[in-house]
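I opened this notebook page to look up, one topic at a time, how the parts of the model are arranged. The sequence and the structure come first.

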Amino acid sequence: MHADAVVLDIDGVLVDVADSYRRAIVESVDRHYGTTITRDEVQLFKDAGGFNNDWELTYAAALYVLAARETDLSVAAFTDEIEARGGGLDAAEATVEALCSDPSVVFDEWDPEALRRTFQALYLGSDLYRDLEGGEPPFEAAGYIHDEPVLLRQETLDALGDRELGVVTGRPSAEADIALDRVGLDVADDHRFTMDDWEEGKPHPAALVTVAERLGAESVVFVGDTLDDVKTALNADAADPDRVYYGVGVLSGGLTGDDGRQKFAEIGAAAVVEDVNEVPDLLD
């Protein structure tokens, strides 16, 4: 495929977050409610759509754990209901309202803000928590952010040649800076979108279209590890008649193996590769 520009997601593409963000999701819920979902079940929420923000995924996982005390609903059934209602946290709340005989029992125990503080303490660690959150952490922690292996190799960057590079990520800006510094990728501020730069989140096309415009590109490859990433490219292609967008799925995040490859293919991925280092081979 031809591409003037390559736009990259961060999590699962540039760095491996299995032992950082996803671990923080699982452990945050467990710390508050004494039980939790598994790391594999995190992917069910991702596949349901609308969970580009891992804080909101944590809140939704907590809703499931609390609702499961009142119903015999499985995680798969709960996330299927979320997907049927359009995905995301609002759909998770609506699912609780619809399926629990007394939803107030769930919502009275649900504390998203406390979950966010716990998540940030686990993920950032005490020192970064104080720097970025502007207060004392709820407990001392080393920080899983320091355990994110780099996936993107320097020879891959070299192979991309003189193509313009951009970033569209659900990370907050400060956490995106940390990841990009670790990877050694220098992306201008106006060539990237983070959680702090837009309200809609993926798969809304606004961020990707804006980055493409700023890059002056006529054809764009967007590389991501979730179905919402590929849907973002598809939505951008439909919304922006001046450019061509390709969504490329990588199997280095939560979607893996033949099952992940099939899911990407079913929603219309232009290509599916094992990791970001195979992307240059797709480009003419």
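**Ground rules.** I am working with a predicted model, in which local features need pLDDT of at least 70 and side-chain atom pairs count only at pLDDT 80 or more, while totals for chains, interfaces and linings use all residues. Residues are numbered from 1 along each chain as its sequence is written, and side-chain values use heavy atoms, with hydrogens and water left out.

**Entry 1, the sheet.** Helices (H or I, at least four residues) and strands (E, at least two) are DSSP runs, numbered from the N terminus, and two strands pair if DSSP finds at least two bridges between them.

I then followed S1 to its partners. S1 pairs with strand S2 (residues 164-168) in the parallel sense over 4 bridges, and 4 bridges also join S1 to S4, again running parallel. Alanine 5 has glutamate 164 as its bridge partner in S2 and valine 220 as its bridge partner in S4, while valine 7 has glycine 166 as its bridge partner in S2. Ala5 and Val7 point one way from S1 and Val6 and Leu8 the other way, and all are buried, where buried means under 20% relative accessible area, exposed over 50%, and partly exposed in between (1.4 Å probe, protein chains only).

In helix H2 (residues 39-48) I noted Val42, Gln43, Phe45, Lys46, Asp47 and Ala48 as buried. The buried residues of H2 pack against helix H1 (21-33), helix H3 (54-68), helix H4 (75-84), helix H11 (227-239) and helix H12 (257-267). Just after H2, glycine 49 takes a positive phi of about 90°.

Side chains of opposite charge can pair when their charged atoms come close. I counted a salt bridge where a side-chain nitrogen of Lys or Arg is within 4 Å of a carboxyl oxygen of Asp or Glu, and a search of the whole structure finds 23 salt bridges.

Lysine 202 and aspartate 9 meet in one of these, at 3.0 Å from N to O. Lysine 202 lies in the loop between strand S3 (192-193) and helix H10 (206-215), and aspartate 9 in the loop between strand S1 (5-8) and H1, so the pair ties together parts that are 193 residues apart in sequence. Lysine 202 is buried at 3% relative accessible area, and aspartate 9 is buried at 5%.

Arginine 192 and aspartate 189 meet in a salt bridge at 3.9 Å, N to O; arginine 192 is buried at 8% relative accessible area, whereas aspartate 189 is exposed at 64%. I also found Asp11, Glu148, Arg171 and Arg182 linked in a network of salt bridges.

Glutamate 81 sits in helix H4 and forms a salt bridge with arginine 85, the closest N and O atoms being 2.5 Å apart. Is glutamate 81 buried, exposed or partly exposed? Glutamate 81 is partly exposed, with a relative accessible area of 27%, and arginine 85 is partly exposed at 35%. Leaving aside neighbours within four places in sequence, glutamate 81 is in contact with Thr95 and Leu99. From glutamate 81 to alanine 94 I noted 13 residues in sequence and 9.1 Å in space, C-alpha to C-alpha.

Where is histidine 191 found? Histidine 191 is in the loop between helix H9 (173-183) and S3, and is buried with a relative accessible area of 16%. Leaving aside neighbours within four places in sequence, histidine 191 is in contact with Glu164, Leu165, Gly166, Val167, Val211, Arg214 and Leu215.

Key: Contact means heavy atoms within 4.5 Å.
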